[in-house]
Amino acid sequence: MQLILESLFNGAAIGSVLLIAALGLAIVFGLMGVINLAHGELMMIGAYSTYVTQLVFRLPALKFFYSTYVIVALAIAFVVSAVVGILLEKTIIRRLYGSPLETLLATWGVSLILQQFVRSVPLAYASGLIVTLLIGLLSSFFLPENILKYKHKKFVKLITWIISIFSGLLIANCLSSTISKLGRASARNVDVTAPSWMRGGVEFIGITFPITRIVIIVITIISIIGVTYFLNKSVWGMRIRAVTQNRSMSDCLGISTEKVDVLTFGIGSGLAGIAGVAVSLLGSVGPNVGSNYIVGCFMVVVLGGVGNLLGTIIASFAIGIMTDLIGAGRLLTVWPDMPDSLSTIIDFFATTSMARVLIFALIVIFLQFRPTGLFPQKGRMVEG
Amino acid sequence: MNKITKNKRWLSFLIWVLIIAFIISAPSILPVFRLNLLGRYLSLAIVALGVDLIWGYTGLLSLGQGIFFALGGYCSAMYLQLNSSQDFPNNIPEFFGLYGVTKLPFFWEPFKSPIFTLIAIWLIPALISAFLGFLVFRNRIKGVYFSILTQAALLVFFNFFNGQQKLINGTNGLKTDVTQLFGQMVGSDSMQRLFFWLTAIIVIMAWFFSRWIVRERFGNVLIGIRDDEPRVRFMGYNPTYFKTIVFGIAGALAGISGALYTVQSGIVSPQFMTVPFSIEMVIWVAVGGRGTLLGAILGAVIINYAKSLVSEALPASWMFIQGGLFIFVVTTLPEGFLGWIQSDGPRNIMVRLGLRRPLSTYPSLEADGKEEVKP
């Protein structure tokens, strides 16, 4: 009983990281048929923004609130990743709709650039740039409408951009002094330290559950509820679902597919940012942090079927539990007196990397029976 | 019309003369180090030809060609290791001693024979790729799904090879430059020069082979699958077999390429199976011109040469350049450079600059008032 529970918990913990990372990917993929290879890098941006938030909360003025920085970091990571994702959509991906393979290659190019950007630009300047972009792009939403309708619209925009550049410079300056004060000038691998209430674990019928894992599971559950509610109950969610089902028909009925695309991509990228927060709580943050997770996310999307949240959820938990069962060799402890031949096979696969090998093989076998995943979209097109 | 095709023939003839002249003169102009680099990049051109066959002609974007590339490399390295392991304990390659292995693993045995190795270099990758491809194609999995699955397969093979120290030396890989072939060191200058010639000849043979494939009716079906697969199926062809065969051929080309690359770079390791390397193969083809075989060769050689030159001068900037190249080619030159030249790209630029008169072609006569010539 204990073993089963522990195994389930570990599997759920692995699965929830996978799920939250794959959720954004699944939404974008379901809507546009676009594989975003830069998704991992959006996660990386989320992880780095957690780190920067943590640094800011170490300043004397904010020290009192330090223990709550994770919650603030969630919001910041969501917004930052969403804005980067929207920029990506507006500049590059928009030109490539209808050719998914080309999009895949272009987003790979983007991910290379983002990785190298993190490696070569100091973190302080990068966050200054991000702040500039955030204020410059988002200011138009917060200004009173009649200012923008005024004939000096360009002038107003110029002023907001100047203000945003100055605030960006200010932040960059401020942060670079903070980072050097804390003795961490390098933007290589950095560590996010969890606040004190997240260390340690909870004991329950003789098993210790690490609180970090529980927090990640809670974050995942909240994001899933949020996304489900948004997709099913809000007007824009309805439009997104309509475009996912039939793009040209929705266009004919007056839904602005362009806006839907931007919105979906923004949400998907924002979810990647939240996944980045979760990942940063688990290990150190480096330029490659996203690419470690990305293939697992793809497997979840393939296994779950396109455009189906339930499929994504089940697939990620299935993969998580399988990884734990096989990779940790837990089957041997659950069932100690199995035949020798079987136990040598299981022993052979009882490492994390070999567990991946076996799981991939199982997924390919599964796809022989259900080629379009667990919950395929039903349609009458030739392409299915 | 006739004049244009004649011009294009001249162009490709000119390019070929330049290439062959360059290859013949290369050993006498270039120092051994550069010659060796050129030889490696020429061997990468072979895998690029395979990528062009499956992606440029059949429309299957594989992100896992590194698997077959590395398998070819491992086959050749295993033979070379066995061939020069007489002096080591138990007559097995030296690295086994590190892990306390005294008996040769069973799958090493056949690689004692040179003939088996020469066949295995292309046959094993071809069979594995055809098998994996068949499983995927049989279920009509295609497009992005196919790309993701190939990438996942790549990671699986990487994890497998990386983890198995006792079987194939794991993450350290197999070294070939200190092994013996025909009584000479593989890493020596004279052997490297020999491998350069061998690579050059095989590249040209592979080009002829690929050209033969795409000009046959088989090639027409491939192009049909790329452009409209359901229609090909309705016409009574079964795309599964065509895709499987062409994927196998691409695997074989990748294996040959990997073997040649391994003997020239001196080592084969799981690094050949990393995700970036396999995607780079696609970008060589994309930049050179997909759907043009010459473009694949030129793309592989030129980009790699540029990469080594740029990385020597400014190590950090290559990633930016490469990423930018990806985005630029995909968004503005979807046909690649050679495809752009062949579809009258330079002429269109001259027209835009007002240096030449626009060509009047049939579609533009239809659309009144349109002056530009669309390729």
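**View 1. A:Ala13, a buried spot in helix 1 of chain A**. In this predicted model, A:Ala13 has a relative accessible area of 1%, so with the cut-off for buried set at under 20% it counts as buried. The residue belongs to helix 1, which covers residues 2-32 of chain A. Once sequence neighbours within four places are set aside, A:Ala13 is in contact with A:Arg213 and A:Ile217. A:Ile216 sits 203 residues away along the chain, yet its C-alpha atom and that of A:Ala13 are separated by 7.5 Å.

**View 2. Helix 11 of chain B, residues 275-288**. From first C-alpha to last, this 14-residue helix reaches 21 Å, close to the 20 Å expected at 1.5 Å a residue. Of its 14 residues, 13 are buried, so helix 11 of chain B is largely enclosed by the rest of the structure.

**View 3. Where chain B meets chain A**. Here 41 residues of chain B are in contact with 40 residues of chain A. The two chains bury about 3800 Å² between them, and 78% of that is on carbon and sulfur atoms. The salt bridge count between the chains is one: the side chains of A:Glu102 and B:Arg290 meet at 2.5 Å, N to O. On the chain B side, helices 4, 5, 9, 11 and 13 each supply at least two residues that touch chain A. Helix 5 of chain B gives the largest share, twelve residues. By type, the chain B side splits into 26 nonpolar, eleven polar and four charged residues.

Terms used:
Residues numbered from 1 in each chain as written. Chains lettered and ligands numbered in written order. Predicted model: local features only at pLDDT ≥ 70, side-chain atom pairs only at ≥ 80, totals over all residues. Heavy atoms only, no water. Helix = DSSP H or I, 4+ residues; strand = E, 2+ residues; numbered from the N terminus. Buried < 20%, exposed > 50% of the residue type's maximum accessible area, 1.4 Å probe, protein only. Contact = heavy atoms within 4.5 Å. Expected span 1.5 Å × (residues − 1). Buried area = accessible area lost by both parts, 1.4 Å probe. Salt bridge = Lys/Arg side-chain N within 4 Å of Asp/Glu carboxyl O. Nonpolar A, V, L, I, M, F, W, Y, C, P; charged D, E, K, R; others polar.
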